[in-house]
Amino acid sequence: MTLAPERATLPSPDAANPAVSLSCRHCGASYPLSPTHVCIECFAPLEISYDEDRLRKVTRASIEAGPSNLWRYVGLLPAGHVAERRVSLDAGWTPLRPAPRLAAELGLRTLWVKDDSANPTHSFKDRVVSVALTAARELGFHTVACASTGNLAQSVAAHAASAGLRSVVLVPHDLEAGKTVSTAVYGGTLVAIKGNYDDVNRLCSELAGEYEWAFVNVNVRPFYAEGSKTLGYEVAEQLGWRIPGQVVVPIASGSLLTKIDKAFGELGRLGLVEPTPYKVFGAQAAGCNPVAAAYARGADTVAPVKPSTIAKSLSIGNPADGPYALDVARRTGGAITDVTDDEIVDGIRLLARTEGIFGETAGGVTVACLRRLLNEGLLDPDVETVIYNTGDGLKTLDPLVATGGPTATIPPSLSAFEAAGLGDD
C-alpha cells in the first residue's frame, strides 16, 4: 500500500534558535535549515551551523536554571526553543558514576562511568531522538522513521507514541529479542529486513526519496546528531564545569564520538569551561571494526566490512562518520582500537562485578577497549578518564545466557546450603 506523502513546512526564523543553516563538512556550501543531509555540490554530509553571538548568550547560570534533562542545553541545540513543541521523555542528566573499584582493578587513578542506561528507553539514543523528533515536528512532519540496530528503533517508537506521531522503524531480522519486543510494544510499524544494518540503511535511503517522512538518521540526520553533544556537555557540567583528560567512546556510525568532541570544543570556545587539552579514544568490536582497522593502517578512508559480532548495536559496517572519528582521535592524541567477542563478554562482567552497572554489549566493548588501551600504553592511567556506557544490559542478554546462571541449585534445606559451601566468607 502506498501512503500519501506529507509536506514538510519549514518554521519561520526564530531569534531564540542559534542554528542558522546547514553547511557541508567538506566544501563549506551552505543550505537553509531543512530536512536534507547531503551536499548537492560534493555529496558530503551536512551539519548544523550556528550563530556564534546567539551561542554566547548561553551561560552556566542559564544552563543550571534549566530542566534536569537534555533540554537544559537548548541554547546550544538546533530545535526545541518553544518548550511546548518539544518531543521529550525527559532524557538526559544521567548519572556520572565514580568507578573506584573498576579503576583499582585496571590500574587507573580516577575513572568515571557516564551511565546512559538510565535514560527512559535505556540508551543514549533517547537524546538524539528527542532532538530529531522535535525538529521533525517543527518542520511539519507527522510520520517519523529510522533504520536501527535496536536502541534507536525503541527510542523512536517510544517518543513518537508520546507525541502522537506515527513511527515506521526498520531493523535487521536477527535483532535481539529484547530490542524487538521493546520496540513493538509502543504500537508503531516495525519492519524486519532480511539483511544487516547496512542493508536496512540503504533501504531507508531509498524510502526517504519516496515518502516525505522524517527519517531521523537520513533526512533529519543533521538535527539528530546534535543531540549527542549533550553527553559532552553533561560530563563537563557534572565534573564541576571542566573537561576530563581522556574519554573512551563506543563507535557505531562514529557520530557519538565526533559530537562529544564537538561539545567539548564548544564549551571551551564559549568560555563555559577552561579549554584544557583532552584525548578521545574510540572502541569497536573486532567483528565490526572498520574505523579501528583504518586507524591501525594509518588510513584516512574507512573500508566497509560485513559485521559479525555480538555487539549488534555497534554493527555498522559502513559508518557514515568513520573518517571524522579518525580525525578526532588523531587530532586529540587519542586512538581507536577493537576487542573480540570474548573480551566483550568479559568487559560486561567486569563492569557489573566491580561497579554494579550492567551494560549492554556496547558497554562491554568500551570497558574491554579501555583495558586494551591501558595495556598497550596508549591511555595514561594517571589522567582522569570517563567512559560511556550507552545502553542497558537487559537488552542484550543472549551472549551471557550460557554462563550466567545460579551459583548452585540445591534442595530447600540448611544442610544442603552448607554442603554447597555457600555460607563460607
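Reply: Contact here means heavy atoms within 4.5 Å. Keep in mind that this is a predicted model.

Start with serine 148. Serine 148 sits in the loop that links strand E6 (143-147) to helix H5 (151-163). Is serine 148 buried or exposed? Its relative accessible area is 1%. The cut-off for buried is under 20%, so serine 148 is buried.

Now the polar contacts. The serine 148 side chain comes to 2.7 Å from the backbone nitrogen of glycine 150. A polar atom of that side chain also lies 3.4 Å from the backbone nitrogen of leucine 152.

Next, the residues further off in sequence. Leaving out those up to four places away, serine 148 touches Ala153, Leu170, Val171, Pro172, Tyr197 and Val200. Of these contacts, Leu170, Val171 and Pro172 fall in strand E7 (166-172).

Strand E7 leads on to helix H6. The buried residues of H6 (residues 177-184) pack against H5, E7 and strand E8 (189-193). Those buried residues are Lys179, Ser182 and Thr183. They lie on the same side of H6, because they span an arc of only 100 degrees around the axis. The face turned away from that side carries Ala177 and Val181, both exposed.

Helix H12 (residues 322-332) can be read in a similar way. Its buried residues are Gly322, Ala325, Leu326, Val328, Ala329 and Thr332. Their arc around the axis is only 165 degrees, so they share the same side of H12. They pack against helix H10 (255-269), strand E11 (279-285), helix H11 (290-297) and strand E12 (336-339). Just past the end of H12 comes glycine 333, with a positive phi of about 85 degrees.

Last, a stretch of surface. Ile410, Leu414, Phe417 and Leu422 make up a nonpolar surface patch. Together they have about 340 Å² of accessible area. Isoleucine 410 belongs to the loop between helix H15 (398-401) and helix H16 (414-419). Its relative accessibility is 34%, so isoleucine 410 counts as partly exposed.

Back to the part you asked about. Serine 148 is a buried loop residue. Its side chain reaches the backbone nitrogen of glycine 150 and has a polar atom 3.4 Å from that of leucine 152.

Notes: Residues are numbered from 1 along each chain as its sequence is written. This is a predicted model: local features need pLDDT of at least 70, side-chain atom pairs count only at pLDDT 80 or more; totals for chains, interfaces and linings use all residues. Side-chain values use heavy atoms; hydrogens and water are left out. Buried means under 20% relative accessible area, exposed over 50%, partly exposed in between (1.4 Å probe, protein chains only). Helices (H or I, at least four residues) and strands (E, at least two) are DSSP runs, numbered from the N terminus. The arc is that of the directions from the helix axis to the C-beta atoms. Patches are made of residues with over 30% relative accessible area and no salt bridge: like charges are joined within 9 Å, nonpolar side chains (Val, Leu, Ile, Met, Phe, Trp, Tyr) within 5 Å. Accessible areas come from the Shrake-Rupley method with a 1.4 Å probe; for residues, only the protein chains shown count as cover. A salt bridge is a side-chain nitrogen of Lys or Arg within 4 Å of a carboxyl oxygen of Asp or Glu. A polar contact is a pair of N or O atoms within 3.5 Å; within protein, one must be able to donate a hydrogen and the other to accept it, and residues adjacent in sequence count only if both atoms are side-chain atoms.
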